[in-house]
Every structure is written in C-alpha cells, then in structure tokens.
Amino acid sequence: MKKELPDRFKSYKHVWVFIEYEHGHIHPVSLELLGEGRKLADKLQVELAGVLIGGDVDELGEAARACFEHGADLVYRVADPVLAHYRNEPYTKALTDLVNTYKPEIVLLGATTLGRDLAGSVATTLLTGLTADCTELAIDDERSLAATRPTFGGSLLCTIHTLNFRPQMATIRPRVMAMPPAVPGRSGRIVDHGLDMTELDIITKVLQFIPDRDTDKAQLAYADVVVAGGLGLKSAENFQLVKDLAGVLGADYGGSRPLVQKGWITADRQIGQTGKTIRPKLYIAAGISGAIQHRVGVEGADLIVAINTDPKAPIFDFAQIGIVANAVELLPALTAAFRQRLSVHRLAS
Amino acid sequence: MHTVVCIKQVPDSAQIRVHPVHNTIMRQGVPTIINPYDLFALEAALTLRDKLGGTVTVLCMGPPMAEDSLRKALTFGADRAVLLTDRYFAGSDTLATSFALSSAIAKIGETFGPVDIVFTGKQTIDGDTAQVGPGIAKRLDLNQLTYVSRIAGIDADTREITVERRAEGGVQVLKTVLPVLITMLEGTNEIRRGSLADALRAARAGVTTWNAADAGITELLKCGLRGSPTVVKKVFAPSARTEKAVLIETDGRNGAQMADALIAAILDRNPALDADLRRLSAGF
Ligand SMILES: Cc1cc2nc3c(=O)[nH]c(=O)nc-3n(C[C@H](O)[C@H](O)[C@H](O)COP(=O)(O)OP(=O)(O)OC[C@H]3O[C@@H](n4cnc5c(N)ncnc54)[C@H](O)[C@@H]3O)c2cc1C
Ligand SMILES: Cc1cc2nc3c(=O)[nH]c(=O)nc-3n(C[C@H](O)[C@H](O)[C@H](O)COP(=O)(O)OP(=O)(O)OC[C@H]3O[C@@H](n4cnc5c(N)ncnc54)[C@H](O)[C@@H]3O)c2cc1C
C-alpha cells in the first residue's frame with residue numbers, strides 16, 4: 001500500500017492546532033490539543049503552532065499568549081473584521097491559505113460543531129485525508145500520524161493513516177486529551193497573515209447569536225463531579241434522586257442514552273459515544289449497565305463509582321468502586337450522608 | 001423546489017458483532033436500516049415540499065441491496081430514488097464518498113432539474129465522521145449550513161434562506177442564498193408514517209440505478225480505495241481492564257451505613273476529593 005510521499009509534500013513540516021476562539025474566549029479543547037500536539041511535535045522534532053482566526057487583532061494577541069503558555073512555539077494569526085463571527089466560507093479560506101503557504105504536516109482541530117464544520121471543508125479543499133473523532137494520536141516509525149478512533153458505536157477501534165497526502169488532518173473530541181498545565185510567562189512568536197476577502201465576497205450573513213441560558217447549559221464535559229442515572233432507576237420521577245445528589249455535591253448530572261430517548265433528560269446530558277465525553281474527578285453511575293458506548297465516554301474519569309443491583313453488570317469491569325445495591329434506596333441515603341458531611345465541614349470552616 | 005436527500009444504508013449497529021479471533025467485523029446476517037440521522041433530513045425535505053411544492057429525490061451510494069433503503073424512503077413520500085452503485089466505489093473514505101455523491105447530484109440536476117437544497121444527516125452511526133456533508137458542499141460550491149435545528153424561512157423570489165444552527169454555546173441565526181447544503185440536527189422533527197398511496201407507489205416505482213459512467217464520473221482515480229487518502233491500518237477490540245471494581249460490603253448494613261462506607265471508600269481512594277467537594281458544594 002505504502003508509496004513514497006510525493007515530492008510536492010516533502011517540504012510539509014510542523015504540527016498545527018486550530019485554536020477555536022469565539023465570544024472572547026478559547027475553547028478548552030484547543031488547549032488540550034496543544035498539549036497533545038506538543039508531544040507529537042517533540043517526537044517529530046518540529047515546531048508546534050496554533051492557528052488563531054478572528055475579528056480583532058489585539059484580542060487574538062491576548063489569546064496567543066494563552067497558546068504559548070500551553071505549549072505553542074508560534075501562532076499564525078489571521079485578523080479581519082469579516083472573521084468576527086464563525087462562518088464557514090471565510091474561515092475555510094483563511095485556514096486553507098495558511099496551509100498552502102506554510103505547509104504543516106499535521107493539522108488538529110476539536111471535534112466541536114465549529115471544528116467539524118470547518119475541518120470537512122478544509123480537507124476537501126486541500127484534497128487530503130481527515131480522521132474523525134480520534135481518541136489516541138501517535139507517530140509511527142515512518143513519521144506518519146497514527147490516528148486511532150472508535151467505530152461501530154465504540155465496539156471496535158481502528159487506526160487510520162494518511163500516507164500519501166499532506167497535511168494529515170484529525171479532529172479530537174473535547175476532554176479526550178488531558179489539559180496541559182500552563183507555564184506562565186512562556187512566550188513565542190506571532191506570524192500575521194492577511195485574508196484576501198471582503199464582506200461583499202461572503203454570501204452568508206450571521207443575523208443573530210442566541211447564547212444558551214446558563215441554566216440549561218450542561219457543562220458536563222468540564223464538570224469536576226458528575227452523577228448519572230440509567231434505566232435501572234425505573235422512572236423519570238426516580239431520576240430526581242440523581243439531581244438531588246448532584247445538587248448537594250455541586251455536581252453536574254447526566255445519563256445513559258435510553259433516558260434521552262425516553263425524554264427523562266435532554267440530549268445535551270447524554271454521556272457516551274454519541275453524547276458527551278466527560279473527564280471528572282469523580283463519576284457516580286446509578287443503574288447504568290456500562291455498555292461499551294457508555295464506557296468510552298467516561299473512561300477518562302479519575303474515579304468511577306457504580307451502583308447496580310447486578311453484580312455481573314459490565315460497569316463493574318471498569319469502575320474502581322462498586323456497590324451492589326438498589327439505587328432508588330441508596331441514592332437518598334448517599335445524598336443525606338454527603339449533605340451532613342459537607343454541612344459539618346461548612347460549619348467548621 | 002428540488003431537494004436531494006442523501007441517505008446511507010447502515011448496519012443496525014446494536015447488532016454488529018466482532019469475530020472473537022480475527023477481530024474483524026461480522027456483517028453477515030446483520031439487518032440494515034436507513035441511517036437514523038438521515039430521517040430528520042428526509043422529513044425536513046418533505047415538509048418543505050408540502051409547503052413550497054416541488055420534488056424530493058433520495059440518493060444513496062452503496063451495494064445493490066441498498067435499494068431497500070431507497071424504497072423505504074419512497075414509502076415515506078419521497079418522489080424519486082437514485083441508487084449509485086459500482087465496484088469502483090468500494091472502500092471510499094469521506095473524500096471519495098463526497099466526490100461520488102456530488103457527481104451524482106450534479107447529474108441529478110442535469111437530468112431531473114436544478115437542485116436547490118441538498119440535505120444530509122448530521123452523521124452516520126457506522127463511520128460516524130460527519131464529514132460527507134461538508135465535503136459535498138465544498139465540491140458543489142454550495143453554501144454550507146451544518147447542524148441546522150430549524151429552517152426559519154425561504155423566500156422563493158429572492159432565494160434567500162434563513163436557518164438556526166446549533167453552534168458552540170448557542171444558536172446561530174444565518175441567512176444565505178440557495179443553493180445550499182443542509183445537515184439536519186437530530187430530534188428536530190419526526191419522520192411521517194407515509195400514506196397508503198405512497199406505499200403502493202413505492203412498491204411499483206422504479207429506483208433509478210446508476211453506475212459511475214451513468215453518473216458522468218470519468219475520473220475513476222478519485223473513487224473508492226484509490227481516491228481515498230485515509231488508509232485503515234488496523235481494526236481491533238478495546239483492551240479489557242484487568243482491575244475489577246472494589247465492592248463495598250452490603251451484608252447486614254442499612255442504607256445509611258452503606259452510604260457512609262461508600263463515602264469512606266471514595267475519600268480513601270482519593271483524599272483530595274474532600275477539598276474539591278467542599279468547594280463545589282459551597283457553590284464555587
Ligand atoms: C450506535 C450506538 C450509540 C450509542 N451511544 C450511547 C451513548 O452515547 N451513551 C449511552 O449511554 N449509551 C449509548 N448507546 C446505548 C448502549 O448500547 C446501551 O443500550 C445503554 O447505555 C444502556 O443504558 P442503561 O445502562 O441505562 O440501561 P440498561 O442496559 O438497561 O441497564 C440498566 C442497569 O440498571 C441495573 N439496575 C436495575 N435496577 C436497578 C436498581 N434498582 N438499582 C440499581 N441498578 C439497577 C441493571 O442491573 C442494569 O445493569 C448506544 C448504542 C448504539 C447502538
Ligand atoms: C470503522 C470506520 C471508520 C472510518 N473512519 C473514517 C475517517 O476517520 N475518515 C474518513 O475519511 N473516512 C472514514 N471512514 C470511511 C467512511 O465511513 C466512508 O467514507 C463512508 O462512505 C461515509 O462516511 P460516514 O459514514 O462517516 O458518513 P458521515 O459523514 O457521518 O455522513 C453524513 C451524511 O452524509 C450522507 N452520506 C454518507 N454516506 C452516504 C452514502 N454512502 N450514500 C448517501 N449518503 C451518504 C448521509 O446523509 C449522512 O447522514 C471510516 C469507515 C469505517 C467503516
């Protein structure tokens with residue numbers, strides 16, 4: 001299968017991360033990818049660059065600082081008023097122009113709605129390969145990116161290469177890679193690049209952006225503690241027990257996919273392969289069997305605690321602590337015990 | 001209004017099994033379905049047709065048996081079905097798939113009338129990349145509208161279309177001009193049952209079947225394995241974790257005692273959580 005890399009691609013060097021910058025802040029997935037990109041760049045002995053595209057040159061300059069502190073050696077900056085809000089057309093042009101000018105060997109993007117919208121257009125314009133939703137990245141003996149991703153609903157993994165084209169592109173979901181520690185004061189250089197486009201060239205207009213209300217915004221992916229329920233809870237009313245425990249712990253809550261289908265929880269609270277990937281310090285799963293599609297979304301948790309009536313439930317294969325008990329009875333007791341413990345602490349402090 | 005809805009036939013993946021020795025996917029005997037995400041796209045197209053008139057063409061690239069999925073789409077009320085099937089398409093990644101599908105859509109436009117909207121689902125349940133929609137848009141130079149939750153309006157005279165799309169942290173309201181490509185978000189509608197007349201029509205109707213040449217595809221190097229920059233090097237099952245959960249003793253304990261034992265085990269395993277929980281429960 002392997003052919004020699006065509007000559008026109010031999011000059012492609014360095015690892016890039018597209019930095020998702022919107023509404024004044026960087027999406028955490030971009031910083032996570034800088035951490036992962038740093039490892040790849042070190043292995044390849046090349047530089048790590050962040051790509052910042054947006055409307056305001058100074059704001060992007062601020063954002064570039066955060067990129068340097070999280071491992072970037074340099075930042076390519078495209079600042080133009082037409083880039084103030086994300087739109088496919090000008091962003092695709094900005095990123096493809098950069099790639100064609102500076103020729104990176106690897107380009108990583110977050111598998112967010114923005115990242116996926118952009119990555120598909122850019123890869124098609126460049127006629128190169130794009131591997132979706134990777135969970136593991138590595139460099140093989142031939143300097144090629146080995147991108148591993150779950151398929152068939154997580155029951156299998158496959159490793160994909162883009163052998164004869166450059167750049168090698170991949171998207172990675174939020175929270176799959178660990179956030180690298182920031183190194184305050186670490187700096188780098190900024191390379192500015194123009195966008196040869198005006199508002200008149202762009203057909204699509206953003207009429208409005210309606211931010212999600214904080215109350216309905218599930219911050220699951222970034223929550224430190226998550227409590228979740230599954231079909232074992234038996235009814236929508238019993239799901240309240242999960243919310244009660246989450247309330248006392250200051251945690252976020254979610255559930256398995258069938259609960260979304262039954263309408264007990266909203267889709268943005270689904271955890272797993274086709275829902276959110278979470279990486280909390282503590283994950284408590286009540287009445288969840290632990291199907292592979294659920295497992296792949298929670299394996300990054302530091303500590304998984306499972307409550308299930310069936311000692312043979314697969315969740316006990318990957319939880320660290322388990323209890324064979326009726327969740328409908330245990331959850332209220334657990335909520336009460338935590339409430340007492342935490343309020344005692346609060347009085348003491 | 002002429003819309004083309006791309007539908008993929010997929011294995012009902014809940015029933016996919018892996019060969020225990022060879023780690024290969026065993027597709028034999030696995031029932032196939034229309035990719036569930038594509039039904040939201042189909043319903044959105046049918047709703048538009050009800051409102052604005054016109055026709056809905058469904059398009060599927062796949063093996064000859066994918067005709068079943070197209071017939072199913074006809075029973076829901078689609079007007080016309082096109083099956084794109086050729087051994088040259090085998091092994092396509094998303095770049096090669098979007099090439100074949102966009103060529104067929106161009107041919108559909110020439111044959112049955114200009115296409116105003118191409119619909120795809122958000123993603124599939126097997127390949128699951130969400131890359132084919134943007135790929136088609138780029139190749140046909142269509143304005144790209146992904147993750148659309150609502151089509152707010154279409155002005156037939158100015159050909160302007162306004163949609164709401166799910167973005168990070170909110171909803172973007174976008175206005176653009178036809179022709180467009182829309183990837184429809186799940187849960188945004190419910191596929192209709194289809195009338196008896198539709199069922200009868202579907203049973204009688206012919207499915208237009210095109211090979212590469214019929215679809216006007218001459219650049220075979222852009223198709224199938226040869227047209228696919230990505231190469232699947234290996235497929236394997238996730239490794240099992242050897243460590244099993246530590247089980248909390250329950251015998252002879254009431255709920256409160258179990259809860260205390262569980263909390264003790266959690267904090268014993270990860271003492272730093274104590275401070276985290278105190279901070280979080282206080283609302284910080
Ligand atoms: C393509 C695809 C994608 C999918 N994506 C996801 C996904 O993203 N996320 C996801 O979660 N699932 C996903 N699924 C579904 C997944 O395969 C499982 O069906 C689902 O996770 C099971 O949900 P559950 O554990 O709540 O229910 P069940 O499997 O029915 O498990 C219920 C559990 O509760 C236990 N139980 C019963 N009574 C009690 C009680 N009183 N107290 C305590 N325990 C009790 C039972 O022993 C059992 O283990 C996907 C499936 C497919 C095919
Ligand atoms: C295990 C596995 C992993 C893969 N990983 C990758 C990868 O990382 N990168 C890559 O480039 N390819 C990958 N592929 C190949 C990819 O699945 C195929 O190219 C496939 O033909 C389309 O991609 P998809 O299923 O991801 O579709 P998606 O891009 O998720 O589909 C989006 C929409 O496009 C339409 N659509 C997709 N396929 C068809 C079709 N055949 N006919 C009609 N409409 C269609 C549907 O409306 C669908 O809802 C993988 C394949 C497998 C089996």
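1. A residue is called buried at under 20% relative accessible area, exposed at over 50% and partly exposed in between (1.4 Å probe, protein chains only). By that rule, the buried residues of helix α6 of chain B are B:Met258, B:Ala259, B:Ala261, B:Leu262, B:Ile263, B:Ile266 and B:Leu267. Helices (H or I, at least four residues) and strands (E, at least two) are DSSP runs, numbered from the N terminus.

2. This is a predicted model, in which local features need pLDDT of at least 70 and side-chain atom pairs count only at pLDDT 80 or more, while totals for chains, interfaces and linings use all residues. Residues are numbered from 1 along each chain as its sequence is written, chains are lettered from A and ligands numbered from 1 in the order in which they are written, and side-chain values use heavy atoms, with hydrogens and water left out.

3. Helix α6(B) covers residues 255-269. At the N-terminal end, B:Asn254 caps α6(B), with a side-chain oxygen 3.1 Å from the backbone nitrogen of B:Ala256.

4. An open sheet of six strands runs in the order β15(A)-β14(A)-β16(A)-β17(A)-β18(A)-β15(B), with parallel pairing (two strands pair if DSSP finds at least two bridges between them). Its edge strands are β15 (252-255) of chain A and β15 (246-247) of chain B, each pairing on one side only. Helix α6(B) packs on this sheet, touching β16, β17 and β18 of chain A (contact means heavy atoms within 4.5 Å).

5. Within chain A, β14 (residues 225-229) and β16 (residues 282-286) pair in the parallel sense over five bridges. A:Gly229 stands opposite A:Ala286.

6. The largest nonpolar core has 44 residues; A:Leu249, A:Ile307, A:Leu331, A:Phe338, B:Leu262 and B:Ile266 have the most contacts inside it. Such a core is a set of buried Ala, Val, Leu, Ile, Met, Phe, Trp, Tyr and Cys residues joined through side-chain atoms within 4.5 Å. Helix α8 (residues 327-348) of chain A gives the most to this core, with eight residues. A second, separate core of 37 residues includes B:Val5 and B:Ile161.

7. Ten strands form another open sheet, with mixed pairing. β13 (205-211) of chain A and β13 (208-210) of chain B stand at the edges with a single partner strand each, so one side of each has no neighbour in the sheet.

Conventions
Axes are lines fitted to C-alpha atoms, for helices over the stretch in contact, and angles run from 0 to 180 degrees between N-to-C directions. A polar contact is a pair of N or O atoms within 3.5 Å; within protein, one must be able to donate a hydrogen and the other to accept it, and residues adjacent in sequence count only if both atoms are side-chain atoms.
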